[in-house]
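Welcome! Here is a short tour for anyone meeting this protein for the first time. Take a moment to look it over before reading on.

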Amino acid sequence: MLNQSVANSVVTTNIPHIAPSPAANPFAEITGHVGLIATEFSYKKDEEIYGEDEPAEYVYQVISGAVRSYKLLSDGRRQIGAFHLPGDVFGLEFGPTHRLAAEAIIDTTVRLVKRRSLEQAAATDVAVARKLWTMTAGDLRHAEDHMLLLGRKTAMERVATFLLEMDRRLAVAGMMALPMCRRDIGDYLGLTLETVSRALSQLHSQGVLGFSGARQIVLRNRQRLRSMDA
């Protein structure tokens with residue numbers, strides 16, 4: 001899908017070497033390595049960034065917007081593996097192809113670097129190799145947490161876990177604006193749309209959360225959610 005999106009390219013830059021700062025994220029530090037070229041692309045809502053089993057030629061970072069990575073099951077159901085929000089890195093693969101597909105949830109801009117360039121940099125620079133390992137370990141931890149969520153938690157516990165995760169990653173001034181719809185949330189949590197809606201309504205009636213628009217949520221009782229998550 002990348003070749004089909006060339007017309008959407010925003011800018012291509014040869015990034016100069018920049019001394020890493022403690023506040024910089026690992027991907028920004030890696031792309032600051034001498035010789036690496038980063039490219040920015042924009043994708044429309046629901047536009048595919050890459051497909052399942054396509055060659056894994058690039059590694060991506062979300063600049064703005066949001067991305068979902070997912071797999072279509074043999075019976076037509078969709079399992080969302082992760083939501084990637086601004087600053088998140090995705091597309092890191094162990095093998096030569098993508099195990100999951102990736103789509104823009106809303107209008108989204110990503111930064112991408114050729115995987116081969118990253119591998120070459122890691123082979124000659126211990127710091128780059130360490131940062132790549134840190135990102136890979138973070139992906140593994142998320143996958144393990146998600147496996148536990150799907151396998152052992154009740155529907156309400158799954159929704160509570162999701163809300164706490166989004167609160168940590170998205171909340172601004174006490175409110176979180178969800179880029180994903182409830183169907184996306186259901187496909188991420190392994191629940192039906194109706195179950196997600198029912199759980200949110202129940203939490204609202206109990207005073208745990210409040211709504212300010214279709215996808216804007218205010219958490220009023222985080223301790224109650226944490227007790228459900230535990």
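## The chain as a whole

In this report, helices (H or I, at least four residues) and strands (E, at least two) are DSSP runs, numbered from the N terminus. Counted that way, the protein chain has seven helices and twelve strands. Please keep in mind that this is a predicted model.

The protein chain has 230 residues, and 42% of them count as buried. Among contacts in the protein chain with a separation of 6 or more, 71% are between residues 24 or more positions apart.

## An open sheet of four strands

Let us begin with a sheet. Four strands make up an open sheet with antiparallel pairing, and their order is β3-β8-β5-β6. Which strands stand at the edges? They are β3 and β6, and each has a single partner strand, so one side of each is left without a neighbour in the sheet. From one strand to the next, the twist averages 30 degrees.

You can follow one of these pairings in detail. Strand β8 covers residues 101-104 and is joined to β3 by two bridges, the two strands running antiparallel. Here Glu-48 stands opposite Glu-103 of β8.

## Strand β9 and its two partners

Next comes strand β9, residues 108-114. Five of its seven residues are buried, so β9 is largely enclosed by the rest of the structure. Strand β2 (residues 37-43) runs antiparallel to β9, and six bridges join the two. Strand β4 is also antiparallel to β9, and six bridges join that pair.

## A loop glycine

Between β3 and β4 there is a loop, and Gly-51 has its place there. Is Gly-51 buried or exposed? Its relative accessibility is 5%, so Gly-51 counts as buried.

Leaving out residues up to four places away in sequence, Gly-51 touches His-98, Leu-100 and Ala-101. Gly-51 and Glu-103 are 52 residues apart in sequence, while their C-alpha atoms are 8.5 Å apart in space.

## Aromatic pairs

How many aromatic pairs are there? The count comes to six. In one of them, the ring centres of Tyr-50 and Tyr-60 are 5.4 Å apart; their planes meet at 40 degrees, so the pair is tilted. This pair links distant parts of the chain, as Tyr-50 is in strand β3 (residues 48-50) and Tyr-60 is in strand β4 (residues 58-64), ten residues apart. Tyr-50 and Tyr-60 are both buried. Together with Phe-90, they form one aromatic cluster.

Phe-83 and Tyr-188 form another tilted aromatic pair, at 4.9 Å centre to centre and with 45 degrees between the planes. Since Phe-83 is in strand β6 (residues 78-84) and Tyr-188 is in helix α5 (residues 182-189), the pair ties together parts that are 105 residues apart in sequence. Phe-83 is buried, with a relative accessible area of 2%. Tyr-188, at 2% relative accessibility, counts as buried too.

## Helix α4

Helix α4 takes in residues 155-170. At 1.5 Å a residue, its 16 residues should span 22 Å, and its end C-alpha atoms are 22 Å apart, so the two agree. An α-helix has 3.6 residues a turn, so residues three or four places apart point the same way.

How many of the 16 residues of α4 are buried? The answer is twelve, and α4 is mostly covered. Among these buried residues are Met-156, Arg-158, Phe-162, Glu-165, Asp-167 and Leu-170.

## Around Met-175

Our last stop is Met-175, which lies in strand β10 (residues 175-177). Met-175 has a relative accessibility of 26%, so it counts as partly exposed.

Setting aside neighbours within four places in sequence, Met-175 is in contact with Leu-170, Ser-212, Gln-216, Ile-217 and Val-218. Of these, Leu-170 is one of the buried residues of α4. Val-218 is 43 residues from Met-175 along the chain, and the C-alpha atoms of the two are separated by 4.8 Å.

Notes: Residues are numbered from 1 along each chain as its sequence is written. This is a predicted model: local features need pLDDT of at least 70, side-chain atom pairs count only at pLDDT 80 or more; totals for chains, interfaces and linings use all residues. Side-chain values use heavy atoms; hydrogens and water are left out. Buried means under 20% relative accessible area, exposed over 50%, partly exposed in between (1.4 Å probe, protein chains only). Contact means heavy atoms within 4.5 Å. Rings of Phe, Tyr and Trp (its six-membered ring) pair if their centres lie within 6.5 Å; planes under 30 degrees apart count as stacked, over 60 as edge-to-face and the rest as tilted. The expected span of a helix is 1.5 Å times one less than its number of residues. Two strands pair if DSSP finds at least two bridges between them. Axes are lines fitted to C-alpha atoms, for helices over the stretch in contact, and angles run from 0 to 180 degrees between N-to-C directions.
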